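User: I am new to this structure and would like to go through it step by step. Please show it, and then answer my questions in turn.

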Amino acid sequence: MSALPKRALIRTESRQDGAIPMSRLGRGITVTGKLDAEGDLHIHGRVLGTVRADRIVIAPGSDVEGDIVARDAQISGRVLGRVFALNVTLDSSAEVTGRIFHHTVEVARGARIDARMPWRPLNFFETLEQLPETQP
Amino acid sequence: MTMFSRNDKAPEAAPAPKPAAATPAPIAAAATPTPPPPPPTPTENRRFQMPTTSTSSSPSVSVISKALKITGQLESTEDIHIEGEVEGDVRGVSVKVGQSAKINGTVHGEEVEVSGTVNGKIEARKVVLTSTAHMSGDIVHQDIRIDSGAYVDGHCRPEYGRPDGKAHAVQKPAAAQGEARPAFGSGKSAEVRSIA
């Protein structure tokens, strides 16, 4: 149960493939608090709080209020908050309000983005130790 | 004029200069240009490809894997399978606490099966503690099974669903009560009969 190294929030190098632990939060679940995962995290339900994982998939119909920190983030649901991810994919059913800090981004036609999308260099994510305060 | 009118009469593409067949030099020049360099691949970050449809297991069950830590509350109208760490309360219909799981908090549910560690409380209609279970805290249940090898430190009280912990529940129909505690039901009815 060793989490990521305390310093870096995002593991930028891809992990050696093997048994990648996969977590999923089903449709009927509501989590209030902090989620801290290694590996994949699929969210189908509702989360109020910060979410961190290597790869986050926010499924259609899900709802996240809070910050999302990941290497890869695929967003098809509703997000209210900030996204910090190297690679961001916004699907056509995505609905994002807030900010999307990214290195590469892909936005599908139909996505509702009400957000600023600041590009950041790789080392921004590599050295991200603490989520910065941002003006709303 | 509208600003974004469709440009119906697009300017005719300039007719490509047709090189005369008699002059081979321009053709050769047109054929030889170096092909455009492939688009720069921004390192290996582009490499990842997410599966757009992830219907690996049934969508209703939630899995908290070994590598996931939750600080806070978990509430579900469905089943939860926990292998990770939870600091806080868990509420679900059927909650399975796996061998590697660690929960600090209360676990509520209709059915709770514990194979891992729970520090706190269990409140469930049906409780199963398997041989690898490590339970520190009280268990409020209606039906409990404890396998040999399980560690239990706390009170087990068969008071699930009763508002004040008293044996005589008021909101439960007698039939439902009778199943759990047949002695009470029969004794009471016998008493009533004898009085009558």
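Analyst: One definition is required at the outset: pLDDT is the predictor's confidence in each residue, from 0 to 100. It applies here because this is a predicted model.

User: What is the mean pLDDT of chain B?
Analyst: In chain B, 53% of the residues reach a pLDDT of 70 or more. Over residues 40-57 of chain B, pLDDT stays under 50, and the model has 15 contacts beyond four places in sequence for them. Residues 165-196 of chain B also stay under 50, with eleven such contacts. The mean pLDDT of chain B is 72.

User: How many residues of chain A are in contact with chain B?
Analyst: A contact here requires C-beta atoms, placed from the backbone, to lie within 7 Å. On the side of chain B, 28 residues are in contact with chain A. The number of residues of chain A that they contact is 33.

User: Which strand of chain B gives the most to the side that touches chain A?
Analyst: Strand 1 (62-64) and strand 2 (68-76) of chain B each supply at least two residues of this side. The residues of the side divide into eleven nonpolar, eleven polar and six charged. With nine residues, the element that gives the most is strand 2 of chain B.

User: How many helices and strands does chain A have?
Analyst: Read along the sequence, chain A follows the pattern β-β-β-β-β-β-β-β-β-β-β-α. Its secondary structure therefore comes to one helix and eleven strands, counted as DSSP runs.

User: What percentage of the residues of chain A count as buried?
Analyst: A residue is buried if 20 or more other C-beta atoms lie within 10 Å of its own. Chain A has 136 residues, and the share that count as buried is 46%.

Methods
Residues are numbered from 1 along each chain as its sequence is written. Chains are lettered from A and ligands numbered from 1 in the order in which they are written. This is a predicted model: local features need pLDDT of at least 70, side-chain atom pairs count only at pLDDT 80 or more; totals for chains, interfaces and linings use all residues. Two residues are in contact if their C-beta atoms, placed from the backbone, lie within 7 Å. Helices (H or I, at least four residues) and strands (E, at least two) are DSSP runs, numbered from the N terminus. Ala, Val, Leu, Ile, Met, Phe, Trp, Tyr, Cys and Pro count as nonpolar, Asp, Glu, Lys and Arg as charged, and the others, Gly among them, as polar. A residue is buried if 20 or more other C-beta atoms lie within 10 Å of its own, exposed if 12 or fewer, and partly exposed in between; C-beta atoms are placed from the backbone.
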